[in-house]
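Please keep the sequence and the 3D view open while reading.

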Amino acid sequence: MKLKGLFWILTLLLLVIPAVMSYYVFYASSLYTFFAVEALICITATYLFVFYRRIIKPLQMIGDGMELLKEQDFSSRLRRVGQAEADRIVDVFNKMMDQLKNERLYLREQNHFLDLLINASPLGVIILDLDENIQAANPAASGIFGLKYAEKLIGKKLADIDSPLATELIRIKKYDSQIIRLNNASIYKCTHSSFIDRGFPHSFHLIESLTEEVFKAEKKAYEKVIRMIAHEVNNTTAGITSTLDTLQDTFKETEEVGNVLQVAIERCYSMSRFITNFADVVRIPEPQLQEKNLNQLVSSGKRFMENACRNRNIQIITELSETPPIVKTDGVLFEQVLVNIIKNAAESIGKDGKIYIRTTNHPVCLEIADTGKGIDKETETKLFSPFFSTKPNGQGLGLIFIREVLNKQGYAFSLQTGTDGLTRFRIWM
């Protein structure tokens, strides 16, 4: 635009000066000189016209093209000016604009597709910026961290998220994958990698939930093993017990032999009960959900375990919500879960300790804390695995039963030892 203005000023000067000169020549000189000046004016005008068409207009066209590129307006095109060299530049420029428009459209469509894919993906996706703050997260990631909206994660560092999973993600090295088991029996496959955006590497985490798949595989495996063992043991003990009963009747007059046979019979029954405990885990019924008063369920479980705890000098202290939480649960199964948790807490304490049972309304939560020896980090990840037990004679089925019942009722839970030394089993309903 500056060049065009300069041209018109120059044109004005080149035309006005000869015109003024011709005026003075007409009155002061000969007619021949006047026509010579007029001819000079025509030649100057012609030259300026040609100069405009060949130099100024192409340069103006190039300037307009630069403005379009600056504004990133890839939908506009330049018009041909009727000059071969300039028109060739116009054609190349318009072709370049077509390519840029198609590339931008392709990138927009691709990015839109990727956004849809990430938002719909069952894998949790967390993208970090250069300062290791969360730049983007999809709905699956927010669900894994127990948040309703992914926006609540944006701008935070992983260390600022109150979740054991976030702590584990920080420990994963770049370009590495790990299987992570948490204290709430959840299992995740987590991958830490990076991608290049505008020349800079950005870290991201992929979180795949394996909990259901692993639980199904574990259950299928231990169900088969338990059924085989139960079948063989029960058939064998039934035959042995029958034979021992016959022998006991035969040697009933011999007290020493009768006592030995009685011990053997009781041992067979004990083994049968041991196997039955395994089989009960497989045969957990589907929960019959009804509205129950959580405080009443807690009071019932406390009364059932109070005498056993009193014998070990263990106090059960309840801190129940003033407004009783009403929950949908299977009362029989949940009471059994509650008894198992209190029993585990008492066994962890041994003697002389306290068990705290709390209920809250917002959110509806049951917490059972004990002053026992606690659980280390390595043990936390194995607690809800089949047949794993920290007790010398444990079967590793108590926590599996608890896990199955709570999962069937859709309750979230966790078991861990806090910095205050208390081991807490929390159930969110």
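The count of disulfides comes to 0. The model is a predicted one. C309 is buried because its relative accessibility is 1%, under the 20% cut-off. C365 also counts as buried, at 9% relative accessibility.

**Salt bridges**

The structure holds 10 salt bridges.

| Pair | Closest N and O atoms |
|---|---|
| E168 and R171 | 3.2 Å |
| E286 and K408 | 2.9 Å |
| R358 and E319 | 2.9 Å |

Take the E168 and R171 salt bridge, at 3.2 Å. Both residues lie in helix α5, which spans residues 164–171. They are 3 residues apart, about one turn of the helix. E168 is partly exposed, with a relative accessible area of 24%. R171 counts as exposed, at 56% relative accessibility.

Next comes the salt bridge between E286 and K408, at 2.9 Å. E286 lies in the loop between α7 (255–282) and β6 (290–293), and K408 lies in helix α11 (residues 398–408), so the pair ties together parts that are 122 residues apart in sequence. E286 is exposed because its relative accessibility is 53%, over the 50% cut-off. K408 counts as partly exposed, at 28%.

**Helix α5**

Back to α5, the helix that holds E168 and R171. Which residues of α5 are buried? They are L165, A166 and L169. Seen down the axis of α5, the buried residues fall within an arc of 100°, so they line one face of the helix. These buried residues pack against α4 (139–144), β3 (176–181), β4 (187–197) and β5 (200–209). S163 caps the N-terminal end of α5. A side-chain oxygen of S163 lies 3.2 Å from the backbone nitrogen of L165.

**Nonpolar cores**

In soluble globular proteins, nonpolar side chains tend to be buried together. The largest nonpolar core in this model has 41 residues. Those with the most contacts inside it are I342, I355, L366, L406, F425 and I427. Several elements each supply at least two residues of this core: α8 (294–310), β7, α9 (331–349), β9, β10 (364–370), α11, β11 (412–417) and β12 (423–428). Which element gives the most to this core? It is α9, with 10 residues.

Leaving aside its neighbours within four places in sequence, I342 is in contact with G301, M305, C309, I316, I355, I357 and I368. C309, among these contacts, is the cysteine with 1% relative accessibility.

There is also a second, separate core. This one has 19 residues, including A141, L153, I172 and I180.

Key: Residues numbered from 1 in each chain as written. Predicted model: local features only at pLDDT ≥ 70, side-chain atom pairs only at ≥ 80, totals over all residues. Heavy atoms only, no water. Disulfide = S-S within 2.5 Å. Buried < 20%, exposed > 50% of the residue type's maximum accessible area, 1.4 Å probe, protein only. Salt bridge = Lys/Arg side-chain N within 4 Å of Asp/Glu carboxyl O. Helix = DSSP H or I, 4+ residues; strand = E, 2+ residues; numbered from the N terminus. Arc of directions from axis to C-beta. Contact = heavy atoms within 4.5 Å. Polar contact = N/O pair within 3.5 Å; in protein donor to acceptor, adjacent residues only side chain to side chain. Core = buried A, V, L, I, M, F, W, Y, C linked by side-chain atoms within 4.5 Å.
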